[in-house]
Amino acid sequence: MKQLTNVGLAEVQAVYSGPEGQLWELVMGQQIHIGGFRSSLDLAERAGIKAGMFGVDLCCCTGAGMRFLVRFCSVARMHGVDATAAVIERGQSRCQTEGLADRISFTLADACRTGLPSASFDFVWGEDAWCYVVDKERLVAEAARLVTPGGVIAFTDWIEGPQRLTDGEARRLLRFMKFPNIQDLEGYTALLGGNGCDVLVAEDTGRFASYTDLYMNMLDMQLTYDALRIVGFDVAIMKSLTLELEFLQELARAGKIIQGLFVARHSA
């Protein structure tokens, strides 16, 4: 697993409390993950998420995934955990506006140490967010602790692809994205298995490259002014960000970074 030692929770909180987080939402929408609605629907179907279930979303950001699950999968209740106060405040406001505050709640906490009761959720959920967590082993252990025996852990994440990153590529990617490290299919599979889970699905969704193309086209062809507004109309900053996004696009096209999809059942 490739990693950086000088990136942690504080850097991630800064991203999602500031303009960088606004930029991601500009091009990706409230569902800040590769594939948006289609990806969420695919994950829910693969995981067997059903009406009446109670789930927890670890690293929930503003809770868009939870609102999706309540609206479109008839999940009874969702509880979100995130360590950034700004996104939780925004999420609570959006749930209130959409009339979902009675079914969706939030906890401000480290996803590795939620403080929530053990075996209290039918499923654990995550969408392209665990890449920001330093201690992925502890995160998976916390997911296994929270889910009921026989319950499901379902998540997507940005991971290293079959074509491996060079050390230089990894450093540049992790520094730009504020990832402390990056897992791969085998690594997450081993962590799930080591925490009493039977891995049902561990695969590349195949979406990453086409969606990075989409985001670049959106910024270039439609959202340039909006993006510049977010960065204070600083053309130099915008050019620097564009270069890093082009680098991300190259990695995706080369199969060096992919979106992994994982579904695992906690042993009864």
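**Sheet, helix packing and selected residues in a predicted model**

Asp128 is buried, with a relative accessible area of 5%. This residue is found in the loop between S5 and H6. The model described here is predicted. Ala119 also has a positive phi, of about 50°, although it is not a glycine. Ala119 is found in the loop between S4 and S5. At 41% relative accessibility, Ala119 counts as partly exposed.

The strands come next. An open sheet is formed by seven strands, in the order S4-S3-S2-S5-S6-S9-S8. The pairing is mixed. Strands of a sheet pair through backbone hydrogen bonds, either parallel or antiparallel. Strand S4 (104–108) and strand S8 (197–204) stand at the edges. Each has a single partner strand, so one side of each is left without a neighbour in the sheet. On average, neighbouring strands of this sheet are turned by 15° against each other, direction ignored. Helix H5 (residues 85–97) packs on the sheet. H5 touches strand S3 (77–82) and S4, and its direction makes about 165° with that of S4.

Two parallel pairs can be followed in detail. Strand S5 (residues 121–127) and strand S6 (residues 147–160) run parallel and are joined by six bridges. In this pair, Phe123 stands opposite Val152 in S6. Strand S2 (residues 54–58) pairs with S3 in the parallel sense over five bridges. Here Asp57 stands opposite Gly80 in S3. Five of the six residues of S3 are buried, so this strand is largely enclosed by the rest of the structure.

Strand S9 (residues 257–266) includes His266. Is His266 buried or exposed? With a relative accessibility of 17%, His266 counts as buried, because the limit for that class is under 20%. Neighbours within four places in sequence are left aside in the contacts that follow.

Several helices pack against one another. Two packed helices are described by the angle between their axes and the distance between the axes. Helix H6 (residues 136–146) and helix H8 (residues 185–194) pack at an angle of about 45°. Their axes are 9 Å apart. That angle makes H6 oblique to H8. H6 passes H8 in a right-handed crossing. On the H6 side, Lys136, Glu137 and Val140 take part. They meet Tyr188, Leu191 and Leu192 in H8. By class, the contact of H6 with H8 has four nonpolar, no polar and two charged residues.

Helix H11 (residues 235–253) packs with helix H9 (residues 208–221) at an angle of about 155°. The axes of H9 and H11 are 8 Å apart. The two helices are therefore roughly antiparallel to each other. Their crossing is left-handed. H9 contributes Phe208, Ala209, Thr212, Asp213, Met216 and Leu219 to the contact. H11 contributes Met238, Thr242, Leu245, Glu246, Leu248, Gln249, Ala252 and Arg253. The residues of the contact of H9 with H11 divide into eight nonpolar, three polar and three charged.

H11 also packs with helix H7 (residues 167–177). The axes of H7 and H11 come within 11 Å and cross at roughly 130°. That makes H7 oblique to H11. This crossing, too, is left-handed. From H7, the contact is made by Glu169, Arg172, Leu173 and Phe176. From H11, it is made by Leu241, Leu243, Glu244, Leu245, Phe247, Leu248 and Leu251. The residues of the contact of H7 with H11 divide into eight nonpolar, no polar and three charged.

Tyr211 has its place in helix H9. In sequence, Tyr211 and His33 are 178 residues apart. In space, they are 9.9 Å apart, C-alpha to C-alpha. Neighbours within four places in sequence aside, Tyr211 is in contact with Ile34, Gly35 and Arg38.

Note on methods. Residues are numbered from 1 along each chain as its sequence is written. This is a predicted model: local features need pLDDT of at least 70, side-chain atom pairs count only at pLDDT 80 or more; totals for chains, interfaces and linings use all residues. Side-chain values use heavy atoms; hydrogens and water are left out. Axes are lines fitted to C-alpha atoms, for helices over the stretch in contact, and angles run from 0 to 180 degrees between N-to-C directions. Helices (H or I, at least four residues) and strands (E, at least two) are DSSP runs, numbered from the N terminus. Angles under 35 degrees count as roughly parallel, over 145 as roughly antiparallel, 65 to 115 as roughly perpendicular and the rest as oblique. A crossing is left-handed if the near helix is turned anticlockwise from the far one by less than a right angle, and right-handed if clockwise. Contact means heavy atoms within 4.5 Å. Ala, Val, Leu, Ile, Met, Phe, Trp, Tyr, Cys and Pro count as nonpolar, Asp, Glu, Lys and Arg as charged, and the others, Gly among them, as polar. Two strands pair if DSSP finds at least two bridges between them. Buried means under 20% relative accessible area, exposed over 50%, partly exposed in between (1.4 Å probe, protein chains only).
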